Amino acid sequence: MKKFSLLLFLMMLSVFSLHARINIGVKGGVNFSYQDVSLENVWLEQPSIAGFHAGLTSSITLPFFGLGVQFETLFSQKGGVIRSESQQVRCRVNYIDIPLYFRWGYDFPMVRPYVGIGPYLSFLVHQSFDKNVSWLADNVEEKLLKTDFGFGVILGVEVLSRFRIDLSYQLGCRNLYDGTWDLDMKNRNLSLSLAYFLF
């Protein structure tokens with residue numbers, strides 16, 4: 001019975017794979033990000049800054065219920081401007097982002113709108129702080145964690161099975177600061193993207 005169930009599962013998986021739509025392409029766009037920061041439980045004002053993202057994207061659309069997944073590997077510029085009563089710091093952190101979205105969409109003639117949600121993992125590749133503010137540059141810059149993770153939501157539309165426009169928001173769940181201060185710093189990022197499917 002177990003062998004029959006396994007065989008049936010493999011047959012169903014192969015049928016779904018044959019009828020699934022797989023797209024692979026390139027993606028790029030603009031980021032609007034800030035860092036949610038509190039110091040000793042006092043929330044600081046954090047205006048957003050603009051950056052960009054670029055990389056590879058892929059999606060698999062399953063042949064039932066409009067379900068699918070979207071997997072990406074992107075270079076992404078994030079950061080923000082952190083303001084206290086007397087000081088201001090501009091922070092830029094660049095990551096390799098790896099988001100995974102579980103999607104639901106519906107096929108219309110020529111377009112396919114969809115929504116999705118899922119986790120992301122980020123690896124820090126470069127960071128820079130405003131050196132004019134030594135207290136943050138000296139005490140925070142060298143104590144940032146090298147990885148980040150969180151959840152994201154995405155809203156998009158595929159056009160002619162060749163292009164995709166999407167809007168996504170990432171909510172960082174990890175405190176990036178690993179020092180002795182009572183400092184909480186988390187990434188927030190809004191992205192507008194255009195993708196082109198190579199196949």
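Q: In what order do the elements of the protein chain run from the N terminus on?
A: In this predicted model, the order is α-β-β-β-β-β-β-α-β-β-β. Counted up, the protein chain has 2 helices and 9 strands.

Q: What share of the contacts in the protein chain between residues at least 6 apart in sequence joins residues at least 24 apart?
A: That share is 65%. As for cover, 40% of the 199 residues count as buried. The accessible surface comes to about 11,100 Å², and 68% of that belongs to carbon and sulfur atoms.

Q: What makes Phe 52 and Phe 75 an aromatic pair, and why is the pair called tilted?
A: The structure holds 3 aromatic pairs, and let's take this one. The two ring centres are 5.7 Å apart, and the cut-off for a pair is 6.5 Å, so Phe 52 and Phe 75 qualify. The planes are 40° apart. Stacked needs under 30 degrees and edge-to-face needs over 60, so this pair lands in the tilted class.

Q: Which strands hold Phe 52 and Phe 75?
A: Phe 52 is in strand β3 (residues 49–61) and Phe 75 is in strand β4 (residues 67–83). They sit 23 residues apart, and the pair links distant parts of the chain.

Q: Are Phe 52 and Phe 75 buried, exposed or something in between, and how do you know?
A: Phe 52 has 38% relative accessibility, and Phe 75 has 27%. Buried would need under 20% and exposed over 50%, so Phe 52 counts as partly exposed and so does Phe 75.

Q: How do you know where the charged end of Arg 103 sits?
A: Go by the distance: the charged end of Arg 103 is 3.9 Å from the centre of the Tyr 114 ring, and it sits over that ring. The distance limit is 6 Å, so 3.9 Å passes. Lys 78 lies over the face of Tyr 95, at 5.3 Å from the ring centre, so the distance there passes as well.

Q: Which residues touch the most other members of the largest nonpolar core?
A: Of its 14 residues, those are Val 93, Phe 129, Val 140, Leu 144, Leu 183 and Met 185. The elements giving two or more residues to this core are β5 (88–105), β6 (111–129) and β9 (183–197). β5 gives the most, with 4 residues. As for Leu 183, its contacts beyond four places in sequence are Val 37, Ser 38, Leu 39, Val 140, Asn 175 and Tyr 177.

Q: Why does Ile 98 get its accessibility label?
A: Ile 98 has a relative accessible area of 25%. Phe 71 and Ile 98 are 27 residues apart in sequence, with 7.4 Å between their C-alpha atoms.

Q: What is the phi of Met 110, and where is Met 110 found?
A: Met 110 has a positive phi of about 75° although it is not a glycine, and it is found in the loop between β5 and β6. Its relative accessible area is 61%, over the 50% mark, so Met 110 is exposed.

Q: What about Leu 160: what is its phi, and where is its place?
A: Leu 160 has a positive phi of about 55°, and it is not a glycine either. Its place is in the loop between β7 (147–159) and β8 (163–172). At 51% relative accessibility, Leu 160 is over the 50% mark and therefore counts as exposed.

Q: How many disulfides are there?
A: The count comes to 0. A disulfide needs two cysteine sulfur atoms within 2.5 Å. Cys 91 is buried, at 0% relative accessible area, whereas Cys 173 counts as partly exposed at 36%.

Methods. Residues are numbered from 1 along each chain as its sequence is written. This is a predicted model: local features need pLDDT of at least 70, side-chain atom pairs count only at pLDDT 80 or more; totals for chains, interfaces and linings use all residues. Side-chain values use heavy atoms; hydrogens and water are left out. Rings of Phe, Tyr and Trp (its six-membered ring) pair if their centres lie within 6.5 Å; planes under 30 degrees apart count as stacked, over 60 as edge-to-face and the rest as tilted. Buried means under 20% relative accessible area, exposed over 50%, partly exposed in between (1.4 Å probe, protein chains only). A charge sits over a ring if NZ of Lys or CZ of Arg is within 6 Å of the ring centre and within 35 degrees of the ring normal. A nonpolar core is a set of buried Ala, Val, Leu, Ile, Met, Phe, Trp, Tyr and Cys residues joined through side-chain atoms within 4.5 Å. Contact means heavy atoms within 4.5 Å. Accessible areas come from the Shrake-Rupley method with a 1.4 Å probe; for residues, only the protein chains shown count as cover.
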